[in-house]
Amino acid sequence: MYNWLMKMFSADMAIDLGTANTLIYVKGRGVVLNEPSVVAVAENRLLGRKEVLAVGEEAKKMLGRTPGSISAVRPLRDGVIADFEIAEEMIKYFIRKVHNRSMLTAPLIIICVPSCATQVERRAIQEAADAAGARKVYVVEESTAAAIGAGLPIEKPVGSMVLDIGGGTTEISVMSLGGVVYSNAVRTAGDQMDSDIIDYVRKNKNLLIGEATAEEIKTRIGCAIAPKDKTGERSMKIKGRDTISGVPRETTITESQVAAALSQTVGKIIDTIKAALELTPPELSADIVDYGIAMTGGGALLRDLDVAIRIATGLPVFLADDPLSCVAKGSGKMLADLDKSRHILQTMY
């Protein structure tokens, strides 16, 4: 009777618990939430514990701008939980938000994890969702969900390759007949690109900038290949703290400079793709020559990244429709047909 009531009052959901953003797909409603994976907490010294002040978009606005008693943190690093208690509170908040703050919710949850996550890390993610009130939790690898969300024919006897570049990890998988033939992940992705830009600006322009400014640079003028025509390249003004004088100042950064800053990370992503191609069975490799590599995730939006991969591999490369939502939509499709997807879902108990 209890389980029947829980099903009546809860809508099952799929969660793309990303390092940068969390997306939630609710069965029958589609993607209903897309917010930054950021939590603002205050240290309550009297009670000896942390109190959550804000979650998501509101908390992201506080990054780098909080007083000593408040900190805006990302509870996930490299796609896995770095702070269990804060991650649990974040998941609870998002579940209540999509259910209009109703406490009478016990949804079945499919939650996505990087393929490089260890069994301990997978269990931590599952336990966080359990503690947030789920009645049952399944985990699925992000690249598998991304391939389904991108509309690749993974159930057919042909090779499908997907490259999912998120905030914390870059994953590449080859799938056929509904299973994963090859999968690998490196903890180099969108966050590393931000760090590269911060380091480049500090070393070459003697200016300290924060994560938010680096992300804005990447979004506005970021590119994987420096433009050949320097006369028409884009630039933007940035502000930060001078490393020598310690006072705030303004400078300009160009597309070519951003491409130089990102060259090492782009190279590592290309090396990961080449390693996957070397270990892919020959028959499936032939399919990839025909069908190409599908790119998903926020990092895939870096301008000319597909061109850089195409030049390095000689293979067709295409950006999936709505790459940011592919993982959430793919896990949502599995949620809609749970019995058919059960062979690629995992549970720790």
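In this predicted model, Tyr 93 has a relative accessible area of 17% and is buried. The rings of Tyr 93 and Phe 94 form an aromatic pair, with a centre-to-centre distance of 5.7 Å and an angle of 65° between the planes. The arrangement is edge-to-face, because planes over 60 degrees apart are assigned to that class. One aromatic pair was found when the whole structure was searched.

A further buried residue is Thr 170, for which the relative accessibility is 0%. Thr 170 belongs to strand S12, which comprises residues 170-176. A polar atom of the Thr 170 side chain lies 2.6 Å from the backbone oxygen of Thr 188. Thr 188 is also among the residues that Thr 170 touches when those up to four places away in sequence are not counted.

Strand pairing was examined for S15 and S16. Strand S15 covers residues 235-242 and strand S16 covers residues 248-254. The two strands run antiparallel and are joined by seven bridges. Within this pairing, Ile 238 has Thr 251 of S16 as its bridge partner. S15 and S16 form a hairpin, with five residues between the strands. In the turn, Gly 246 has a positive phi of about 80°.

Methods
Residues are numbered from 1 along each chain as its sequence is written. This is a predicted model: local features need pLDDT of at least 70, side-chain atom pairs count only at pLDDT 80 or more; totals for chains, interfaces and linings use all residues. Side-chain values use heavy atoms; hydrogens and water are left out. Rings of Phe, Tyr and Trp (its six-membered ring) pair if their centres lie within 6.5 Å; planes under 30 degrees apart count as stacked, over 60 as edge-to-face and the rest as tilted. Buried means under 20% relative accessible area, exposed over 50%, partly exposed in between (1.4 Å probe, protein chains only). Helices (H or I, at least four residues) and strands (E, at least two) are DSSP runs, numbered from the N terminus. A polar contact is a pair of N or O atoms within 3.5 Å; within protein, one must be able to donate a hydrogen and the other to accept it, and residues adjacent in sequence count only if both atoms are side-chain atoms. Contact means heavy atoms within 4.5 Å. Two strands pair if DSSP finds at least two bridges between them.
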